Amino acid sequence: MKKLINRPEDVVREELEGLAAAHRDRLRVQFAPDVVVRADAPVAGKVALVSGGGSGHEPMHAGFVGLGMLDAACPGQVFTSPTPDQVLAAVEAVDGGSGTLLIVKNYTGDVMNFEMAAELARDAGRQVETVVIDDDVAVQDSLPTAGRRGVGATVLAEKVCGAAAEQGRSLAEVAALCRRVNAETRSMGVALTSCTVPMVGAPTFDLGPDEIELGVGIHGEPGRERRPAAPAAAIVEQLTTAIADDLPFRAGDRVLAFVNGLGATPLMELYVVYRDLERLLAGRGVTIVRNLVGPYMTALDMAGCSITLLRLDDELTALWDAPVATAGLRWGA
């Protein structure tokens, strides 16, 4: 294993120290328990957004803390859910008096620990709502989930809901918007290689030199099937067909297309994927009006990508376009 780290057991703490040093203008980091907090938090009168999950998916979630997205993120150990005390500390750090929305990917540990923290926060008199994201069409259930996994829609929900919270919308309104984004979004990924968890020091799963895993999870969970490698156009067609047929997306729809790198995929390849995706959707009468291309929800050093489609209307488009200023995403601010 060759990685730019010091000791595997220190990698999350040292990453957070580096994040804090690089982005003092946008965020601060609290340790023991580890929480990444918006620099100006708590913002009085604004609904606070909190999310989190295991480290190894950067820039998600800590890289999305700041104006127009999250107020706080709870980074667990690599591929490990944050603890309830982390989530509770995040809520306490950012609650500006208008309540807190917890955005949770549908993994059993995340759901359990965020809900436990929400109950503790409510017992202390805080107003908290939880929305679970479950946009992955690859499988109905996998080893760490009941139901569909939460993947790319999490990034889109954090951006859209962050913009709504900046506008001063109520907790109930922001939570309803988050559920709508989840309902209008579908995703699926493909792995070309495994990833290597630093504390393990070996690939999480084995893929032959000529194999790919269609529908892989962001922690290396099995997908729909393992099959021979193929040109990008064929892989994109398989992913897009599964995604588009599931919602379903129809002729006349306007969408946000998110082509996400899983950590080790060059941008060159992601733009090839985007090219093929745009042509396939055009053939279905679906128009991409907004896009996001790059490594925004990764799986350490896994090679591969995921495709996420969000059906847009005028409101969602305007919220997507609203200013954002975070370490991992920024425009208009």
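Tutor: Contact here means heavy atoms within 4.5 Å of each other. Keep in mind that this is a predicted model. Let's start with His-23.

Student: Which residues does His-23 touch, not counting those up to four places away in sequence?

Tutor: His-23 sits in the loop between helix H1 (11-22) and strand S1 (27-30). With a relative accessible area of 17%, it falls under the 20% cut-off, so His-23 counts as buried. Leaving out residues up to four places away in sequence, the ones that His-23 touches are Ala-327 and Arg-330.

Student: Thanks! Is Thr-240 buried or exposed, and what is its relative accessible area?

Tutor: Look for Thr-240 in helix H6 (residues 232-246). Not counting residues up to four places away in sequence, it touches Leu-277, Leu-280, Leu-281 and Ile-307. Thr-240 is buried, and its relative accessible area is 2%.

Student: Now to helix H3: within what arc do its buried residues fall?

Tutor: Helix H3 covers residues 108-123, and its 16 residues reach 23 Å from first C-alpha to last, close to the 22 Å expected. Its buried residues are Asp-110, Asn-113, Phe-114, Ala-117, Ala-118 and Ala-121. They line one face of the helix, because seen down the axis of H3 they fall within an arc of 140 degrees.

Student: Which strand runs parallel to S5, and how many bridges join them?

Tutor: Strand S5 (residues 72-78) is largely enclosed by the rest of the structure, because six of its seven residues are buried. Strand S2 (residues 35-38) runs antiparallel to S5 and is joined to it by two bridges, with Val-36 partnering Ala-73. The parallel strand is S3, and the number of bridges is six.

Student: Which are the edge strands of the open sheet of three strands?

Tutor: The order in this sheet is S4-S14-S15, with antiparallel pairing. S4 and S14 (residues 324-326) pair over two bridges, and Gly-66 has Thr-326 as its bridge partner. An edge strand pairs on one side only, which here picks out S4 (66-67) and S15.

Student: How far apart in sequence are the parts that the Trp-320 and Trp-331 pair ties together?

Tutor: This is one of two aromatic pairs found in the whole structure. It is tilted, with 5.3 Å centre to centre and 55 degrees between the planes. Trp-320 is buried at 3% relative accessible area, whereas Trp-331 is partly exposed at 26%. Trp-320 lies in helix H8 (residues 314-321) and Trp-331 in strand S15 (residues 330-331), so the parts tied together are apart in sequence by 11 residues.

Notes
Residues are numbered from 1 along each chain as its sequence is written. This is a predicted model: local features need pLDDT of at least 70, side-chain atom pairs count only at pLDDT 80 or more; totals for chains, interfaces and linings use all residues. Side-chain values use heavy atoms; hydrogens and water are left out. Helices (H or I, at least four residues) and strands (E, at least two) are DSSP runs, numbered from the N terminus. The expected span of a helix is 1.5 Å times one less than its number of residues. Buried means under 20% relative accessible area, exposed over 50%, partly exposed in between (1.4 Å probe, protein chains only). The arc is that of the directions from the helix axis to the C-beta atoms. Rings of Phe, Tyr and Trp (its six-membered ring) pair if their centres lie within 6.5 Å; planes under 30 degrees apart count as stacked, over 60 as edge-to-face and the rest as tilted. Two strands pair if DSSP finds at least two bridges between them.
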